[in-house]
Number of protein chains: 2
Amino acid sequence: MGKIKKYHQIQEYIKKRIQTQKYPPGSYLPSENEFCVQFGTTRTTVRKALDELLKEGFIEKEHGKGSKVLERGKYLGLLSVKGFSGSTDYKVKTKVTEEPKIVAWDPLIVFPLSEDEKSSQCVYFQRVRYIDDKPVVLENNWYALNALEPIKSNEFVEGSFFKTLSQEYLIEIMGAEQELRSVKASVDIAKKLGIAVGAPILHISIRFRTSRPNLNLYGDLYCNTTEYPIRNSYFL
Amino acid sequence: MGKIKKYHQIQEYIKKRIQTQKYPPGSYLPSENEFCVQFGTTRTTVRKALDELLKEGFIEKEHGKGSKVLERGKYLGLLSVKGFSGSTDYKVKTKVTEEPKIVAWDPLIVFPLSEDEKSSQCVYFQRVRYIDDKPVVLENNWYALNALEPIKSNEFVEGSFFKTLSQEYLIEIMGAEQELRSVKASVDIAKKLGIAVGAPILHISIRFRTSRPNLNLYGDLYCNTTEYPIRNSYFL
DNA sequence: CTACCCACATTGTACAGACAAGTTAAATAT
DNA sequence: ATATTTAACTTGTCTGTACAATGTGGGTAG
C-alpha cells in the first residue's frame, strides 16, 4: 500500500524545485513557517522533510538564518581527482572521445548485471579528462538502454553527465561501489593518456546506483596518478 | 549557560553503553517508552537521540520491533580489501612488524600537521595484512603522542587497533581523507609483500579524524591489488 | 493440530504549542 | 554620525498527545 506521507510530499516538492533550479544553489529556502502555511501543516512535519533533504545533501541549515541550497555534486565519499571542482587551481577539461552509442555489454564490467540489464542493450560513451591540457583520466561509461535513453554529449548540462541526470531527468546518485587496482598501462591506454607503456596506472571499476529503478551507471577509469593523485574524503 | 541538551545526554549515555558492550551488537535497545521513563522526558526527545545514533551508524531501527545495536566497523566509504570483514571466504591475519614506539614525524606523511602535532612526538607502528597467508597490505601508522598514549599491540582488542580505540578509549572515527596513487614497488616494499620490484602497487595515504580533539591517525598503505582489489562502497 | 484473529508492544507520523538561541535590521540613545 | 539597544524573524529544543503501521505471541474457532 503506497501510503502518502505528508513530510515525504513536502520533501519531494522541495527537491524537485532544487533540481530544476527554482531554488538555485546558494539561495535560502522559504522559512519553516512559510512552508507550514503553504502545506497546511506544523513545523514538526516541515522539519522532518528538511531533515531528510539535509541527509540527502541537498541543503544545509544555519541556525537563526535559514536553510541554504547546496551545490550538488560533492558526492560524499566519491573518488575525485585532486583539484577537480576545486577548479581555481587547475583548468579541467573534458573531451568526449566516443559519442554515446548503442552497443553490447562489455565483458570489462566486473560487477554482475541484473537480468533486466542483461536483456537490454547498452549505451556506451568514452571521455578523457584533462588537467592543464594534459590527459589524466580515461573514462568508459555504460548504462542499460531500457532504463535511460541515449543522451547526446552536446546536450549535457554544463558538459556534465551527472548534472544532466539530476536537472533534466531528476535522477540522483544513491550510492556506489568501487574496485581499485594498480596496473600497468596497456599500449592503447598509454597512447590515450600520453604516458609510457607499462607505467603504473590506477584502474577503477565503479557502479553507481541511482534513484531510478534498474538504472545503474557503470564506469571503468584509468587514472594517471603520478602527477594528480586521486582524492577521497568523507565525514559522518 | 547550561547548554546541556537533553537529547544529547541520552545519545551519549546510550553510545557509551554500546561502546562498552553493555548493549552488545545484535541486541535490541530498551524501547523508546522505557527511555522516556528512565530520563523523564517524551518520545520526541528520545527519538531525536536515537536518530543521531542512527546517523552515526551505531544502531538501526526496525518498525514494530525496536532499535538494534549494529556491528561497528563498516566505516562508510572506507576503503577495504575485498574479502576483509567478509571473512568467511578468506583467512585474514595481521602481523605487527614494528611494535608501537616513539619516533619523530616521518616526512612520508602527505597531510599538513597541526601545530599541536608538530610540537609533539609521534607514535609509530607497522603492520602487514595477510590473506590466505599471503602478504597483501603493508601498513605504516602514526599518531601524536600528546593526544594518545602508545598502546602495545598485544593489548589490542581482538587484535584491532580501531576496536581498541572505541571500546577502551571511547574514541570514534569521524571521517577520513585519502590520497591514492599507483606506483612501482620499491625494493623494500617488494620484499615485504613478496612481489617483484617495479610491480604496480596501490599507495594510499590516509588521515583519520577522530572524536578526540587533536587526535588524527595517519596511515600509509601499500597494497598488492593484483589478486585482491581494494573495495569501497557507500550509500546515502 | 492448524489456521485465523486479536490484543499488545513497538516504532512511525502528525498535530499544537512553548520557549531558547542565533541573526539581522530597524529604532534609539549617545 | 556612531554605537547600542530593541524587535522581529529564523532555526533549535522540548513538552504532551493521538493515532497509524508493523511485528509478536497467545487464544480461539474450525
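Against which elements of chain B do the buried residues of α3(B) pack? In this predicted model, the partners are the helices α1 (6-19) and α2 (32-39) together with the strands β1 (59-62) and β2 (66-69), which belong to chain B. Helix α3(B) itself runs over residues 43-56, a stretch of 14 residues. From its first C-alpha to its last, α3(B) reaches 20 Å, close to the 20 Å expected at 1.5 Å a residue. The residues of α3(B) that are buried, with under 20% relative accessible area, are B:Thr45, B:Val46, B:Ala49, B:Leu50, B:Glu52, B:Leu53 and B:Glu56. These residues lie on the same side of α3(B), because the arc that they cover around the axis is only 150 degrees. An α-helix has 3.6 residues a turn, so residues three or four places apart point the same way. Just after α3(B) comes B:Gly57, for which phi is positive, at about 85 degrees.

In chain A, helix α1 was examined in the same terms. Helix α1(A) comprises residues 6-19 and has 14 residues. The distance from its first C-alpha to its last is 20 Å, close to the 20 Å expected at 1.5 Å a residue. Buried positions in α1(A) are A:Ile10, A:Gln11, A:Ile14, A:Lys15, A:Ile18 and A:Gln19. An arc of only 165 degrees around the axis holds these residues, which means that they are on the same side of α1(A). The buried residues of α1(A) pack against the helices α2 (32-39), α3 (43-55) and α5 (161-169) of chain A, and also against the strands β1 (59-62) and β2 (66-69) of that chain.

The lining of the largest cavity consists of B:Leu108, B:Ile109, B:Val110, B:Phe111, B:Trp142, B:Ser205, B:Ile206, B:Tyr218, B:Gly219 and B:Asp220. By class, seven of the lining residues are nonpolar, two are polar and one is charged. At least two residues of this lining come from each of the strands β8 (200-210) and β9 (216-223) of chain B. Strand β9(B) gives the most to the lining of the largest cavity, with three residues.

Definitions and conventions:
Residues numbered from 1 in each chain as written. Chains lettered and ligands numbered in written order. Predicted model: local features only at pLDDT ≥ 70, side-chain atom pairs only at ≥ 80, totals over all residues. Heavy atoms only, no water. Helix = DSSP H or I, 4+ residues; strand = E, 2+ residues; numbered from the N terminus. Expected span 1.5 Å × (residues − 1). Buried < 20%, exposed > 50% of the residue type's maximum accessible area, 1.4 Å probe, protein only. Arc of directions from axis to C-beta. Contact = heavy atoms within 4.5 Å. 1 Å grid on protein atoms, 1.4 Å probe; cavity = no way out; pocket = protein on both sides within 12 Å on 5 of 7 lines; lining within 4 Å. Nonpolar A, V, L, I, M, F, W, Y, C, P; charged D, E, K, R; others polar.
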